[in-house]
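Colleague: I have not looked at this one before. Can you put it up and take me through it?

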Amino acid sequence: MAFRTKNLFEKTTKLVRSYSSDKIYTHMSLTLNEQTGIATLELAKPPVNSMSFGFLSQLAAAVQQSEADKYKGLIITSRSSGVFSAGLDLKELHHPDSDRILNYLRRLQDVWFQLYDCSTPTAAVINGHSIAGGCLLALSCEYRVMVNSFKIGMNEALVGVPVSPMFIACMQSVIGQWEAEKALLVGRLFTSEEALGVGLVDEVVGGKSEGVCKAEGYLAGFREVSARARGLSKRYLRQEVVRDLVRRREEDVKKLVEIISSRGVQDSLGEHLERMKNKK
Ligand SMILES: CC/C=C\C/C=C\C/C=C\C/C=C/C(=O)SCCNC(=O)CCNC(=O)[C@H](O)C(C)(C)COP(=O)(O)OP(=O)(O)OC[C@H]1O[C@@H](n2cnc3c(N)ncnc32)[C@H](O)[C@@H]1OP(=O)(O)O
């Protein structure tokens, strides 16, 4: 089979350089299967694929590449066998520099808009724990296959930060208002099986390769469908959520910076980081 592993940054150097000070393409790899036209984006930022500034920039570049090269599909998965993504990098949120946190949250918004609103068919193979921002990443894709025995959800309530409108909108659109409310207000993490029960994921499988096959199956379902019509339909289906968040994006980000910078939230974040350190 003809596989081409693309160093994204060959084609998107300009974009990435203007986005990031991180070394080029260090946190993920994008591999295109030229026979199917489906690309796999494998997150590879040990130990837990936390979403640092550089990670978000590379994710943005990958999604942009998928759109520009008109891939038939994009599968997002993790190189780690235990963690899909631990979400936002807590070090970016703890004791932040005011300009950096503003730009960091704007970058997160940009990436989310790009992924959620892209016309490329997308699927997530969640082969490990997927927490908060990690769950957002999976929910922004169209289809989710999860490997059993892991946890997924948005734990902001336990970390002491509010769940932001973008996260809420995504959760609501997948599992509905009541289930979202029950889960988000207590920061519930679902097991893979519970996630399937509530509709947070579409399938549960025994391992990553089985998951990739299922995701490819979902994406192959569009082979006979006009890519243009499909892409436009997806955008129309998602436009209400996107419009509302675009309209309020600057207001949301400024409010969030204010909340994150507050003493109470910083104390909670500090305690959360301490708990993680002490669990060993
Ligand atoms: C206006 C709107 C615009 C934008 C909205 C934006 C944002 C809204 C603001 C806030 C919302 C917050 C969203 C988040 O995503 S906050 C992050 C929440 N995530 C977590 O709490 C996950 C914590 N991690 C874990 O539970 C475990 O690490 C995990 C289950 C993922 C894996 O467990 P494992 O036992 O395999 O590993 P550990 O030993 O726990 O961790 C290894 C290593 O990694 C460090 N680590 C873990 N998670 C993070 C993280 N999220 N960020 C940074 N670092 C992380 C951990 O401390 C260990 O480090 P070390 O001790 O140095 O080895």
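Modeller: Start at Ile131, which is in contact with Ala86, Gly87, Gly153, Asn155 and Leu189, leaving aside its neighbours within four places in sequence. Contact here is C-beta atoms, placed from the backbone, within 7 Å of each other.

Colleague: What kind of model is it, and how do the numbers run?

Modeller: It is a predicted model, where local features need pLDDT of at least 70 and side-chain atom pairs count only at pLDDT 80 or more, while totals for chains, interfaces and linings use all residues. Residues are numbered from 1 along each chain as its sequence is written.

Colleague: Back to Ile131, then. Which strand is it in?

Modeller: Ile131 sits in strand 7, residues 129-131. Helices (H or I, at least four residues) and strands (E, at least two) are DSSP runs, numbered from the N terminus.

Colleague: Is Ile131 buried or exposed?

Modeller: Ile131 counts as buried because it has 27 C-beta neighbours inside 10 Å. The cut-offs are 20 or more other C-beta atoms within 10 Å for buried, 12 or fewer for exposed, and partly exposed in between, with C-beta atoms placed from the backbone.

Colleague: Strand 7 also comes up around the ligand. What else supplies that shell?

Modeller: Helix 3, helix 4, strand 7, helix 6 (156-159), helix 12 and helix 13 (263-278) each supply at least two residues of it. Of the 29 residues around the ligand, Ala86, Gly87, Ala132, Gly133 and Asp252 come nearest. A residue is near if its C-beta atom, placed from the backbone, lies within 6 Å of the molecule or strand in question.

Colleague: How many of the shell residues are nonpolar?

Modeller: The shell has 16 nonpolar residues, with 8 polar and 5 charged. Ala, Val, Leu, Ile, Met, Phe, Trp, Tyr, Cys and Pro count as nonpolar, Asp, Glu, Lys and Arg as charged, and the others, Gly among them, as polar.

Colleague: Take helix 4 from that list. What does it pack against?

Modeller: Its buried residues pack against helix 2 (53-68), helix 3 (90-93), helix 5 (133-140), helix 7 (165-175), helix 11 (227-247) and helix 12 (249-261). Among the buried residues of helix 4 are Tyr104, Leu108 and Trp112.

Colleague: And Asp110?

Modeller: Asp110 is in helix 4 too, but it counts as partly exposed, with 17 C-beta neighbours inside 10 Å. The C-alpha atoms of Asp110 and Ala60 are separated by 7.7 Å, although the two are 50 residues apart along the chain.

Colleague: How about helix 13, enclosed or in the open?

Modeller: Helix 13 lies largely in the open, because the number buried is 1 of its 16 residues.

Colleague: Then which residues have the most contacts inside the largest nonpolar core?

Modeller: Ala123, Ile126, Met146 and Ile152 do, in a core of 77 residues. A nonpolar core is a set of buried Ala, Val, Leu, Ile, Met, Phe, Trp, Tyr and Cys residues joined through C-beta atoms within 7 Å. Ile152 touches Ile126 and Met146, among others.

Colleague: Why is strand 6 described as enclosed?

Modeller: 5 of the 5 residues of strand 6 (residues 122-126) are buried, so the rest of the structure largely encloses it. Thr122, Ala124 and Ile126 are on one side, Ala123 and Val125 on the other.

Colleague: What does strand 6 pair with?

Modeller: Strand 6 pairs in the parallel sense with strand 4 (residues 73-78) over 3 bridges and with strand 8 (residues 143-147) over 4 bridges. Pairing requires that DSSP finds at least two bridges between the strands. Ile75 stands opposite Ala123, and Ile126 has Met146 as its bridge partner in strand 8.

Colleague: Different topic. How do strand 2 and strand 3 run?

Modeller: Strand 2 and strand 3 (residues 38-43) run antiparallel, joined by 6 bridges. They form a hairpin with 4 residues between them, and Gly37 in the turn has a positive phi of about 80°.

Conventions: Two residues are in contact if their C-beta atoms, placed from the backbone, lie within 7 Å.
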